[in-house]
Amino acid sequence: MIVAVASGKGGTGKTTIATSLALSLAVEQSPAPLFLDCDVEAPNAHLFLKPTFKQSEPVGILIPVVDEACCTHCGRCAEICQYHAIAVLGKKTLVFPQLCHGCGSCAALCPEKAIEEVPNKIGVVEHGTARDGIPFARGVLDVGEPMAVPIIRRLKNWFRPQPGQTVIVDVPPGTSCPVVAAVRGADFLLLVTEPTPFGLHDLRLAAQIARELEIPAGVVINRENGRFADLESFCEAEHLPILMRIPFERAIAEGIARGQALVEIRPEYQERFQEMFAQILAASQTMTTAREIIK
Amino acid sequence: MSLKRCQVKAMKIILTATSPALDAEVDPRFGRGVYLLVVDPDTMEWEAHPNPGLNAPGGAGIQAAQFVTEHKAGAAISGDFGPHAFEALRAAGISMHVYGNCRTVRDAIERFKAGHLEQVGTATHGECDEGHHG
């Protein structure tokens, strides 16, 4: 069972929910759930789960290096690169590593075989054990590098769950490629939102990802301060169950600012997270059954 | 002096413009300028091309720089050159000039010919700002 925790809008509480869900399930599941922090541009789940990292591995993509002695500046590489990561400018062929997606088309199609592909490090993946025996892995994108997707893909392939082990994925904010890469393959998408027009705007986009990838989804409303009618009616219209509501409380904000998980600040939430997981399991099974019937 | 004169004669320049006309307002963005105007400053003959990278998700400045080299221009004039465009144009040996307070393309060409347009030696805006990547 893979639960991805996403939001669209940043700062709604993805990591708050993901880490407390992991801690609550660690109490009742053996092995403890595997936690993957896929927010590689700004990973922060370690602040709450406090892992000790035991292993770290560089992640890179293959980028082209042009042998100027063989290059005839025919421009074929620049023509086929849809990311404009390689350009032929008069008698020079320039590579822009930060735009390169590492597809290898330029090297494969160079008529002079003047392009060699070399690894270019863009970040690392690392793993260790966190609080309550939670296996914890994360990716970290190097500062200044723009491309998160290769690290997220590597992280998900590098550290795999044991059979039957629950996986909790902390997804990056937004709704672009890194989010899709993190969410892909999940059995359930938990969408954390806040009762604001901005929160709702991005929830709509995130819900579209769930629909597009055919992943059942549910909503957690964080920092609730009275009902927000537009949000309620959106969830109803989209058949998105509201699985948890967390009130706007200063004590919770203070605890989180100190690096405490929600279930430490409010221990009574542990049971609520466990119940929510039971609902997630049920919803996911209903979806699987429905798919089988359709087939 | 005569040699320099000769070089100037042969050199085309490329400017970014908001519409396809010599009296168009300048477009301050190099990679994202709406039109690229290829101008012969001596004869004032010109042609306008839609910017190839206008809606590209990334690498727009590089595409515009390639356009400049393909048209064998010696100088590029715009309001702003990003780091990738700057690197590409510098590699191609193309001089870069900024509009400053020029309002129209024609105005900029006149000032360029008089040697009054500032030439830039570094990128005029910050690190990578291509938006999101796939």
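In what order do the five strands of the open sheet in chain B stand? The order is β3-β2-β1-β4-β5, with mixed pairing. This is a predicted model: local features need pLDDT of at least 70, side-chain atom pairs count only at pLDDT 80 or more, and totals for chains, interfaces and linings use all residues. Residues are numbered from 1 along each chain as its sequence is written, chains are lettered from A, and ligands are numbered from 1, in the order in which they are written.

**Chain B: overall layout**

- Chain B has four helices and five strands. Helices (H or I, at least four residues) and strands (E, at least two) are DSSP runs, numbered from the N terminus.
- Along the sequence the pattern reads α-β-β-β-α-β-α-β-α.
- Of its 134 residues, 40% count as buried. Buried means 20 or more other C-beta atoms within 10 Å of a residue's own, exposed means 12 or fewer, and partly exposed lies in between, with C-beta atoms placed from the backbone.
- Take the contacts in chain B between residues at least 6 apart in sequence: 53% of them join residues at least 24 apart. A contact needs C-beta atoms, placed from the backbone, within 7 Å.

**Chain B: the sheet**

- β3 and β5 (95–98) stand at the edges, each with a single partner strand, so one side of each has no neighbour in the sheet. Strands pair if DSSP finds at least two bridges between them.
- Neighbouring strands of this sheet are turned by 25 degrees against each other on average, direction ignored.
- β2 (residues 35–40) and β3 (residues 45–50) of chain B run antiparallel and are joined by six bridges.
- B:L37 faces B:A48 across this pair, and B:D40 stands opposite B:E45.
- β2(B) and β3(B) form a hairpin with four residues between them. In the turn, B:M44 has a positive phi of about 60 degrees.
- Helix α4 (residues 105–113) of chain B lies across β1 (12–17), β2, β4 (73–78) and β5, and runs at about 145 degrees to β1(B). Axes are lines fitted to C-alpha atoms, for helices over the stretch in contact, and angles run from 0 to 180 degrees between N-to-C directions.

- Chain A is assigned domain 1 (2–59 + 125–294) and domain 2 (68–113). The bounds come from an automatic or database domain assignment.
- The C-alpha centres of the two domains are 39 Å apart.
- Helices α1 (residues 14–28) and α11 (residues 269–294) of chain A have axes that come within 9 Å and cross at roughly 85 degrees.
- α1(A) and α11(A) are therefore roughly perpendicular, a label for 65 to 115 degrees; under 35 counts as roughly parallel, over 145 as roughly antiparallel and the rest as oblique.
- Residues of α1(A) including A:L21 and A:L25 meet residues of α11(A), among them A:F273 and A:F277.

**Where the chains touch**

- 18 residues of chain A contact 19 residues of chain B.
- β4 (86–89) and β5 (92–95) of chain A each supply at least two residues of chain A's side.

**Backbone points to look at**

- Most residues other than glycine have a negative phi, and most peptide bonds are trans.
- A cis peptide bond joins A:S30 and A:P31, with omega about 0 degrees. A:P31 lies in the loop between α1 and β2 (34–37) of chain A.
- A:K50 has a positive phi near 45 degrees. A:K50 is partly exposed, with 15 other C-beta atoms within 10 Å.
- B:K72 has a positive phi of about 50 degrees. B:K72 sits in the loop between α2 (60–70) and β4 of chain B, and counts as exposed with 12 C-beta neighbours inside 10 Å.

How values were computed:
Two residues are in contact if their C-beta atoms, placed from the backbone, lie within 7 Å.
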